[in-house]
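Visitor: Hi, I'm new to this one. Could you walk me through it?

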Amino acid sequence: MNPTTTNPILEAAQLSVGYRHKGNSRIVLGGLDLRLSPGKFICLLGPNGTGKSTLLRTLSGLQAPLSGQLKLGNQTLDQIPPRDRAKQLSIVFTDSIPIGRMTSKDYVALGRHPFSGRFGGLDQNDVSKIDQALEAVGAMSLAHRQIAELSDGERQKVTIARALAQESRLMLLDEPTAYLDLPRRVECMQLLRDLCHQQSIGMLLSSHDLDLALRFADELWILTPDGKLAQGYPEALALNGTLKRSFANENLDWDDEQGSFRTHKTPCQFITLEGSGPERLWTQRALQRLGYGMTEDPRQSRFQISITHGANEPSWTLAQPSGTHTFSSLEALISQLVQSP
Amino acid sequence: MAELPQKRQSLGHWPLYLLLSAATLGIALASVCLGSEPLSPAIVLKTIAGSESIDPILQQIIVDFRLPRVLTALIAGAALATAGLLMQTIFRNPLADPFVLGVNSGASLGVAIALLVLTPAGISLTAQLNLSGQTLIVLASTAGAATTLMIVLSLFRRVDIMSLLIIGLMLSYAISSLVSILMFFSMAERLQSFLNWSFGDFGNVSWAQLPVFAPAILIGLASTLFLMKPLDALLLGEHYAESIGTRTKRARFFGLFAASILAGTVTGFCGPIGFLGIAAPHLARYLFNTSAHRRLIPATILLGAILALTADLCARAPGFDFSLPLNAITALVGAPVIILALIQQRNMKRLFG
């Protein structure tokens, strides 16, 4: 299955990636057929240790493939001179970026290296490209700040700006959102997706954030623990069970209803829950977190909770063998459940 | 501190460069004037301008002794400082100095063999080749430095950059042990001549040797022009450097080569001179508040020259009846400066990511 139809920038056929050491090779991933096309935002997902970083390093030419074909444009990747390659392909990796004494602008200017002369002098075009890159990630105000003084989120923006300044048609990103808090992660994903679509850059980024990937990616690549790569539209992969197979384990269950994973505890007590709306959802989440299972059958359940929507405020009624209580907030209900196991 | 970079941004770095250039010339002139026989700047300038009216003895002091010494200090300081900058960037290590590949130890082994083994054994290379003793030392130390460099660089392709740093360090220790053994079996007077070499001295380079010494260094310095861009890229670390089109292996190899040629030449002619090579780059980063090599290299050259001239001036202790070993002074003058700079800048640990 391959939804990509436009001419690919990067194309891999029967690619094996891994490590070679003293004649022995350890294949991390094999038999990969991949295509990266302009304007496509692809998220690479997979549990730790399945080879996301190895694959990205190989696709960016920093590590030689063990076997198979890897073509950038019409040329084999490892035969392209570094400078020409840098004009077509940029990276944002997890390597710590410097540096004692460098402003954001100086740092972004390094992205012009493939274009500047022997001594690194920048012309008017380079300077405007640097400004455009900073502008595009919304980091113009950071231009004269020292890199070392930036927050993680700001530094990530500037790193992306440096990659943008390379004017490459392809950008490979290894966990660009790893060190960011949730709002910054959403912002970063949105920024990347918009840049990808507006500037028609092909982007492949690895992530642990399944939820965000499902919301933003044009296409998902999922590495399964058995060393396979599943490709497809996010919704299709969710529906056909690929996500479930790849990520579910003894602690995590895929929730088909919610479209997300939930932590899994073997419930020791069951509850029947009546009600609707967001109140029902969050009550259910709270009960699951506390280790209760849901059941429809009143005979199995130790107690019942029903949510009623009054004139404007919802209320929770808890029916236990010891008696019935009514609570005006979810907080009060949870407190009660926590106190009386 | 927060406002300073902004201000410098608008003014550019030119005022600072001009200031440092003026300081270099000023200290150089002071160096020629001060000494066992103090001279007025007017006499010195007239002599340099070629005036005939100067006392021939003073003329000789200036032209034959002080001028070559000052020129040597200037050139050697610039070379060591630049070599230190290259090494610090290539190894991404603020403690790297020009001699991390063991060039210095190699040179000292060469000199130890010449002074402690060959000469006492009655093998005199100088008599047959009609060379002075000083030239013999230059040849011996250059040969030692070059041999060590070739050994280390031959391993360059096979190991990563951090291993290379450790190999250089280990090789230095091993060679120093050999030198210690040679010293252990040597007579006191021979030992003294070896010790004198190891203290370092800018006064050993004569007018006859300058035409070899100066061009070797200038070629080394000029070659760093072509390294400015890859060195900037190397600040990012290997992966990013390659991703912006840098041939990292090649850049590192030529960088190490240039740095070692610079350091080896200085050691060959002046003996092993420590500290300048570590100190000057840090001062340059501190004063210019940048890591960009197109600005750092000229700054480092100027600061290296200033430090070397100052150290030499202090070591000669004008006005006193004695002179001190140069190597003792470089650290004595430089260490407080570096400590001060570090206390002010605080973010040393982030210097190389």
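Guide: Here is a short tour, starting with how to read the model. This is a predicted model, where local features need pLDDT of at least 70, side-chain atom pairs count only at pLDDT 80 or more, and totals for chains, interfaces and linings use all residues. Residues are numbered from 1 along each chain as its sequence is written, while chains are lettered from A and ligands numbered from 1 in the order in which they are written.

Visitor: Thanks! How many helices and strands does chain B have?

Guide: Chain B has 16 helices and 0 strands. Helices (H or I, at least four residues) and strands (E, at least two) are DSSP runs, numbered from the N terminus.

Visitor: And how compact is chain B?

Guide: Its radius of gyration is 21 Å, close to the 20 Å that the globule rule gives for 353 residues, so chain B is as compact as a globular protein of that length. That radius is taken over C-alpha atoms, and the rule is 2.2 Å times the number of residues to the power 0.38. Along the principal axes, the C-alpha atoms of chain B fill a box of roughly 60 × 50 × 30 Å.

Visitor: What share of chain B is buried?

Guide: Buried residues are 45% of the 353 in chain B. A residue is buried if 20 or more other C-beta atoms lie within 10 Å of its own, exposed if 12 or fewer, and partly exposed in between, with C-beta atoms placed from the backbone.

Visitor: Can you pick one residue to look at?

Guide: Let's take B:Phe91, in the loop between α4 (56-90) and α5 (103-118) of chain B. B:Phe91 is buried because 22 other C-beta atoms lie within 10 Å.

Visitor: Which residues does B:Phe91 touch?

Guide: Not counting residues up to four places away in sequence, B:Phe91 touches B:Ala96, B:Val100, B:Ile161 and B:Leu165. Contact here requires C-beta atoms, placed from the backbone, to lie within 7 Å.

Visitor: Where does B:Leu164 sit?

Guide: B:Leu164 is in α8(B), and is buried there along with B:Leu165, B:Gly168, B:Ser172, B:Ile175 and B:Val179. The buried residues of α8(B) pack against α5 and α7 (133-154) of chain B.

Visitor: What span should α8(B) have?

Guide: At 1.5 Å a residue, the 24 residues of α8 (161-184) of chain B should span 34 Å, and the end C-alpha atoms are 35 Å apart, which agrees. The expected span is 1.5 Å times one less than the number of residues.

Visitor: New topic: how many residues are in the largest nonpolar core?

Guide: That core has 162 residues, and those with the most contacts inside it are A:Ala161, A:Met203, B:Ala76 and B:Leu303. Its largest share, 15 residues, comes from α4(B). A nonpolar core is a set of buried Ala, Val, Leu, Ile, Met, Phe, Trp, Tyr and Cys residues joined through C-beta atoms within 7 Å.

Visitor: What is B:Leu303 in contact with?

Guide: Leaving aside neighbours within four places in sequence, B:Leu303 is in contact with B:Leu20, B:Ala81, B:Ala280, B:Leu283 and B:Ala284.

Visitor: Over to chain A. What order do the strands of the open sheet have?

Guide: The order of its 4 strands is β2-β1-β4-β5 (chain A), with antiparallel pairing. Two strands pair if DSSP finds at least two bridges between them. At the edges stand β2 (24-36) and β5 (75-76) of chain A, each with a single partner strand, so one side of each is left without a neighbour in the sheet.

Visitor: How many bridges link β1 and β2 of chain A?

Guide: Strand β1 (residues 10-21) pairs with β2(A) over 9 bridges, in the antiparallel sense. A:Glu11 stands opposite A:Arg35 in β2(A).

Visitor: Which other strands of chain A pair up?

Guide: β13 (residues 269-274) and β15 (residues 303-309) of chain A pair in the parallel sense over 4 bridges. β15(A) also pairs with β16 (residues 314-320) of chain A, in the antiparallel sense over 6 bridges, and a hairpin joins β15(A) to β16(A) through 4 residues.

Methods. Contact = placed C-beta atoms within 7 Å.
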